[in-house]
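Have the sequence and the 3D view open side by side, and let us walk through a few spots together.

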Amino acid sequence: RPEIVAHALDVDETLIDTVCSRLRQHLTGDDATRAEAFARQYYRWVSPEDIAERRDLDLYGAALAHFDVARRRAPGVTKARIYNPEFEVHGWESPHTAVEIVTDDMPFLIDSIGMELNRHGFGVHLIIHPVIQVRRDGEGNLLEVLPHGAQADGTLAESVIHAEVARQTDPAELEQLEAQLKRVIDEVRAAVTDWPDMRALALDVVAELGTDPPPLDADEVAEAREFLVWLEDHNFVFLGYRDYELTGEGAELSLESVPDSGLGILRHAEGDESSRGFDSLPPAVRSHAFEPYLLNLTKANARATVHRPSFLDYVGIKRFDEAGRVIGERRFLGLF
């Protein structure tokens, strides 16, 4: 059996060279070249103390296993695998459960994934997170792994995330975790992609309040405009947006989401929005939605799954008819 890599001071160079040597023995041609470039970045920023007592064969096997996950991926798609490594099955072993992810590089990614792992109560023993520049063909096949720091047209920046958590033996738990991690990454993607549009919408509301103000006190409208300008000026992490219309009568009054108006984490929220929906708010907060003042500011009942584990901040800007009755709301969710 291979000896333990024991010299922490020498582990970086020795480790990478040993792993790459094994990859060249196992693979051939362009595949070996891509795998070596992948492995050299995979362990580039790992603290020597984190891996100094691991067998070089396990380090090689872990890199190869993750490289196999990265061989094919379409842009916008998250590849994820969660398993308990066994040497006879996976080519490496660990006392922990392994989480392997390959996805587009995005802000908030590591924070959000760490939050989800912590939410499940999984103690995290190790995280490896290189951002690797790659080139793929139209079917998502990996063609090239660029050296660290290299840039070229037509390449993608991909986050390669390897986490090891307290060992889980329930297959259903592992399956659920994989689905939840993919959901969180999809929410990160939606929030990051729609972030410019949400900021622009905040300024659109400011402009509308200036040119076509509701029949409310002018000072209240001016204060709301200043507040929205302040939010847009990097004082609010915009995570979700949706338009709502007032429907029903009397005790049946409710705010219903406008189809196709959602952005970010509310992009796909139609009708019932689960924990982020209007009906999940406390009754006293729901009642404020129909009162004749412009801003509705509160905390949502749900914690953010993106960026940091705080309760979401709810910013509602009401819409009024000519008689001053509330007819709808424009809602931003995010974090101050």
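β11 (311-320) gives the largest share of the lining of the second largest pocket, 3 residues; strands here are DSSP runs of E of at least two residues, and helices are runs of H or I of at least four, numbered from the N terminus. The other element that gives two or more residues is α7 (171-211). By class, the lining has 6 nonpolar, no polar and 7 charged residues, where Asp, Glu, Lys and Arg count as charged, Ala, Val, Leu, Ile, Met, Phe, Trp, Tyr, Cys and Pro as nonpolar, and the others, Gly among them, as polar.

A note on the model: it is predicted, with local features needing pLDDT of at least 70 and side-chain atom pairs pLDDT 80 or more, while totals for chains, interfaces and linings use all residues. Residues are numbered from 1 along each chain as its sequence is written, and side-chain values use heavy atoms, without hydrogens and water.

Now look at Phe-108, in the loop between β2 (97-104) and α6. Phe-108 is not a glycine, yet has a positive phi of about 70°. Its relative accessible area is 27%, so it is partly exposed (between buried, under 20%, and exposed, over 50%, with a 1.4 Å probe and protein chains only). His-234, in helix α8 (residues 218-235), also has a positive phi, about 60°, and is exposed at 58%.
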